[in-house]
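Keep the sequence and the 3D view open while you read.

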Amino acid sequence: MATMESLIGLVNRIQRACTVLGDHGGEGGSSLPTLWEALPSVAVVGGQSSGKSSVLESIVGRDFLPRGSGIVTRRPLVLQLHKTEGGKAEYGEFLHAPRKRFNDFAAIRKEIEDETDRITGKSKQISNIPIHLSVYSPNVVNLTLIDLPGMTKVAVEGQPESIVQDIDNMVRSYVEKPNCIILAISPANQDIATLMLLNLLGK
């Protein structure tokens with residue numbers, strides 16, 4: 001068990017280094033393999049308003065993700081969970097804000113929103129540049145999850161007509177990696193035969 005914990009910790013550190021160096025697994029279409037592709041990852045995918053945020057917050061045990069209608073997740077969120085020992089306080093750290101510790105999870109939500117807007121503006125555009133968040137807590141397991149924008153069938157006002165294909169391309173650039181585990185989220189009240197995810201997963 002200790003060996004597995006050490007291995008997961010090593011993978012986390014390598015993924016963090018990859019992000020710093022601009023290798024974050026979402027290049028899509030690159031003919032050259034990257035270090036990120038060789039690492040195991042868990043990609044969280046689903047349609048818009050499918051419940052992805054609720055699942056992730058249940059795993060963490062905290063409310064910290066932006067909510068709203070339409071495309072809320074507009075950049076990939078690389079979420080690294082680090083289990084702490086001895087009942088230490090829970091906190092988060094962002095790669096883009098080194099040496100700043102977020103003890104308030106509402107502030108983490110606000111920082112995700114602000115950092116998203118910094119790259120995409122306040123429009124409904126998306127970007128494949130990830131946000132890297134580490135959460136330290138005694139209530140989590142050591143794990144890296146990648147939250148991706150929710151898939152959609154139509155563009156809405158303020159979005160380019162290409163948004164449907166842009167999101168599809170982004171999601172595929174992660175889930176088609178050979179070492180990616182896909183955590184597919186779907187609403188319980190939706191007919192599984194109509195799920196867009198089935199096309200993505202090749203079923």
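Helix α3 covers residues 52–60, and its buried residues are Lys52, Ser53, Leu56, Glu57 and Val60. Buried means under 20% relative accessible area, exposed means over 50%, and partly exposed lies in between (1.4 Å probe, protein chains only). Helices (H or I, at least four residues) and strands (E, at least two) are DSSP runs, numbered from the N terminus. An α-helix has 3.6 residues a turn, so residues three or four places apart point the same way.

The model is predicted: local features need pLDDT of at least 70, side-chain atom pairs count only at pLDDT 80 or more, and totals for chains, interfaces and linings use all residues. Residues are numbered from 1 along each chain as its sequence is written, and side-chain values use heavy atoms, with hydrogens and water left out.

**Around helix α3**

What do the buried residues of α3 pack against? Their partners are β1 (41–46), β2 (77–83), α4 (105–120), β4 (131–137), β5 (143–147) and β6 (180–185). Contact here means heavy atoms within 4.5 Å. Just after α3, Gly61 takes a positive phi of about 85 degrees.

Lys52 belongs to α3. Is Lys52 buried or exposed? Lys52 counts as buried, because its relative accessible area is 6%. Leaving out residues up to four places away in sequence, Lys52 touches Val44, Val45, Gly46, Thr73, Asp147, Leu148, Pro149, Gly150 and Ile185.

**The chain as a whole**

The chain has 6 helices and 6 strands. Along the sequence they follow the pattern α-α-β-α-β-β-α-β-β-α-β-α. Of the 203 residues, 44% are buried. Take the contacts between residues at least 6 apart in sequence: 74% of them join residues at least 24 apart. The accessible surface is about 10,500 Å², and 55% of that belongs to carbon and sulfur atoms. Accessible areas come from the Shrake-Rupley method with a 1.4 Å probe; for residues, only the protein chains shown count as cover.

**Nonpolar cores**

A nonpolar core is a set of buried Ala, Val, Leu, Ile, Met, Phe, Trp, Tyr and Cys residues joined through side-chain atoms within 4.5 Å. The largest one has 21 residues. Phe64, Leu79, Phe94, Ile108, Ile112 and Leu133 have the most contacts inside it. β1, α3, β2, α4 and β4 each supply at least two residues of this core. Leu133 touches Phe64, Leu77, Val78, Leu79, Gln80, Gly92, Glu93, Phe94, Ile108 and Ile112, not counting residues up to four places away in sequence. Apart from this core lies another, of 14 residues, including Ile71, Leu148, Met151 and Val175. In soluble globular proteins, nonpolar side chains tend to be buried together.

**Aromatic pairs**

How many aromatic pairs does the structure hold? There are 2. Rings of Phe, Tyr and Trp (its six-membered ring) pair if their centres lie within 6.5 Å; planes under 30 degrees apart are stacked, over 60 edge-to-face, and the rest tilted.

| Pair | Ring centres | Planes | Type |
|---|---|---|---|
| Tyr91 and Tyr136 | 4.8 Å apart | 15 degrees | stacked |
| Phe94 and Phe102 | 5.2 Å apart | 85 degrees | edge-to-face |

Tyr91 lies in β3 (residues 91–94) and Tyr136 in β4, so their pair ties together parts that are 45 residues apart in sequence. Tyr91 and Tyr136 are both buried. Phe94 and Phe102 are buried too. Arg101 lies over the face of Tyr91, at 3.8 Å from the ring centre. A charge sits over a ring if NZ of Lys or CZ of Arg is within 6 Å of the ring centre and within 35 degrees of the ring normal.

Val135 is in strand β4. With a relative accessible area of 1%, Val135 is buried. Its C-alpha atom is 9.8 Å from that of Phe105, 30 residues apart along the chain.

Ala184 is in strand β6 and is partly exposed, at 37% relative accessible area. The C-alpha atoms of Ala184 and Val45 are 5.0 Å apart, although 139 residues separate them along the chain.

Arg99 lies in the loop between β3 and α4. Arg99 is exposed, at 82% relative accessibility. Its phi is positive, about 70 degrees, although Arg99 is not a glycine. Most residues other than glycine have a negative phi.
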